[in-house]
Amino acid sequence: MKFIFAASPPSAPDAIVFAIGKDALERAELSLEQTDVVRTAAKAGRFEGKTGQIFQTFVKEGDAVIQIVLTGIGKGERKDCEAAGGAVIAKLMTSGVKQLAINGKGLAQDQLARLLFGAKLRSWRIDKYRTTMPENSKPTIEAITVLDTDMESAQVWQDLSAVADGVALTRELVSEPANVIYPESFVARCEELRDMGVEITVLGQEEMEKLGMGALLGVSQGSVRPPRMLAMRWDGTNGAQEKPLALVGKGVTFDTGGISLKPPLGMEDMKWDMGGAGAVAGTMKALAGRKAKAHVIGVCGLVENMPDGNAQRPGDVVTSMSGQTIEVINTDAEGRLVLCDALHWTQETFQPEVVINLATLTGAIIVSLGSEHAGCFSNDDGLSDNLLAAGTKAGDPLWRFPLSAAYDKQINSPIADMKNVGGKGAGSITAAQFLKRFIKDGVKWAHLDIAGMVWADKPGPVWDKGATGFGVRLLDQYVADNFEQ
């Protein structure tokens, strides 16, 4: 699906979309021969311009019969406009409409850009493995003609389109099955970022062994797929921002639980246990795509957690790169073992002042927050406040949880410096306390537990069932608000 910007619609569009604010139907400029008929029909259909509300009808324009679609933008705020664009695509994507026109008259440039952003986000699908899909389930929209020539070169649209491309990469990585995306192929998918100006560094098993990454390597030792550490650097400041912002993602490309084997029911979902790394990769693509004036490092610790004869056992003690030792009580609490080495290496290598890690880390966060918010843990109030504000603005919401030394006793080990799980209570907090032990003094750090957010069982305003791309819009907004002002 492509976007075309023009002063007038194609000679015979299959449908034309008009965005209508709440209770603004009477004063909306529809530019139609049968405007009064459309308004009367919309009133009869109880269309009020509420966010995401859709009304469809047909009118005769000259010799052609055209479908008219009204989409409600509510108060016209950014989330309303994005939801309106998403609602249109959800309604028309498989309807048989091939040529869709969007009339942006009456909308501010930012509102129209947000509507198109929502449409582009909601249009993403992964159908590559569906060879017998019914015709009425296949996408039919080939092009969207936007009736506003100024939008094609508008910076707001160029930036949002780049962010949508980053979200698409994250969704792709998260959606692919584990026999397609594993540590090596994850890195290969990210190679495209080189052409966008992103510097890429990759560590293999031997390099990580020399660095002493015993925690991460312990997770991967049961798999025939070798681990990788992927680092991506985007510097849009030409060196002006000396210390980079560091983003670190958990990339367990498939998680069986290891020897602490997960139940078979639902294990197939563990292909998305690399959602944190996926979000980091997508964010790097978004930042490079819109040429963000910021210096950002994206690091992905990539492993597969499998239960073979060489897999680590419950009770094993491993030594992390930081020198701290860990008693592995549960091999299914593997994400924190990957992250602790990734976090330490990132701090040692790039000397960041701010580190944000993302991970599908605990089932406990889903018990706490469901799929409405991701959990935020931070050692800095300002960083936490800024992340929460960015999440609210971008549509990737966070909820802050406490960190406290009172929880440390749950992860103290009688044989090592710590163990990798605590008791039954406060599972998400004890996981965060574990990670905190690998953050250097003076570094502002936030841990985002996104386990309930990377995959959706039902469609949302700007995503279909499946991978949501959570984290990309959040991190892009955080960078824009705090590093590009």
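Leaving aside neighbours within four places in sequence, which residues is Phe186 in contact with?

## Phe186 and the nonpolar cores

In this predicted model, Phe186 is in contact with Leu173, Ile181, Leu230, Met274, Ala277, Gly278, Ala281, Cys300 and Leu302, once its neighbours within four places in sequence are set aside. Phe186 belongs to the largest nonpolar core, which has 53 residues. Together with Leu230, Met232, Ile356 and Leu448, Phe186 is among the members that touch the most other members of this core. Helix H8 gives the most to this core, contributing seven residues.

## Packing of H8 against H13

Helix H8 spans residues 275–289 and helix H13 spans residues 472–483. Their axes lie 9 Å apart, and the helices pack at an angle of about 50°. H8 and H13 are therefore oblique to each other, and their crossing is right-handed.

On the H8 side, the contact is made by Ala279, Gly282, Thr283, Ala286 and Leu287. On the H13 side, Val472, Leu475, Asp476 and Val479 take part. By class, the residues of this contact of H8 with H13 comprise six nonpolar, two polar and one charged.

## Packing of H11 against H13

Helix H13 also packs with helix H11, which covers residues 381–394. The axes of H11 and H13 come within 8 Å and cross at roughly 120°. H11 and H13 are therefore oblique to each other, and the crossing of this pair is right-handed.

H11 contributes Leu383, Asn386, Leu387, Ala390, Gly391, Lys393 and Ala394 to the contact. From H13 come Arg473, Leu474, Gln477, Tyr478, Asp481 and Asn482. The contact of H11 with H13 contains six nonpolar, four polar and three charged residues.

## Packing of H9 against H12

The axes of helix H9 (residues 335–350) and helix H12 come within 9 Å, crossing at roughly 30°. This angle makes H9 roughly parallel to H12, because angles under 35 degrees count as roughly parallel. H9 passes H12 in a right-handed crossing.

Arg336, Leu337, Leu339, Cys340 and Leu343 of H9 meet Ala431, Phe434 and Leu435 of H12 in this contact. The residues of the contact of H9 with H12 divide into seven nonpolar, no polar and one charged.

## Thr57 in strand S3

Thr57 is located in strand S3, which spans residues 54–61. At 17% relative accessibility, Thr57 counts as buried, because the cut-off for a buried residue is under 20%. Apart from its neighbours within four places in sequence, Thr57 is in contact with Val38, Ile66, Gln67 and Ile68.

## Residues with positive phi

Most residues other than glycine have a negative phi. Ser31 has a phi near 55°, a positive value in a residue other than glycine. Ser31 is placed in the loop between strand S2 (15–20) and helix H1 (35–44).

Ala426, likewise not a glycine, has a positive phi of about 55°. Ala426 lies in the loop between strand S16 (418–419) and helix H12 (427–436). With a relative accessibility of 31%, Ala426 counts as partly exposed.

Terms used:
Residues are numbered from 1 along each chain as its sequence is written. This is a predicted model: local features need pLDDT of at least 70, side-chain atom pairs count only at pLDDT 80 or more; totals for chains, interfaces and linings use all residues. Side-chain values use heavy atoms; hydrogens and water are left out. Axes are lines fitted to C-alpha atoms, for helices over the stretch in contact, and angles run from 0 to 180 degrees between N-to-C directions. Helices (H or I, at least four residues) and strands (E, at least two) are DSSP runs, numbered from the N terminus. Angles under 35 degrees count as roughly parallel, over 145 as roughly antiparallel, 65 to 115 as roughly perpendicular and the rest as oblique. A crossing is left-handed if the near helix is turned anticlockwise from the far one by less than a right angle, and right-handed if clockwise. Contact means heavy atoms within 4.5 Å. Ala, Val, Leu, Ile, Met, Phe, Trp, Tyr, Cys and Pro count as nonpolar, Asp, Glu, Lys and Arg as charged, and the others, Gly among them, as polar. A nonpolar core is a set of buried Ala, Val, Leu, Ile, Met, Phe, Trp, Tyr and Cys residues joined through side-chain atoms within 4.5 Å. Buried means under 20% relative accessible area, exposed over 50%, partly exposed in between (1.4 Å probe, protein chains only).
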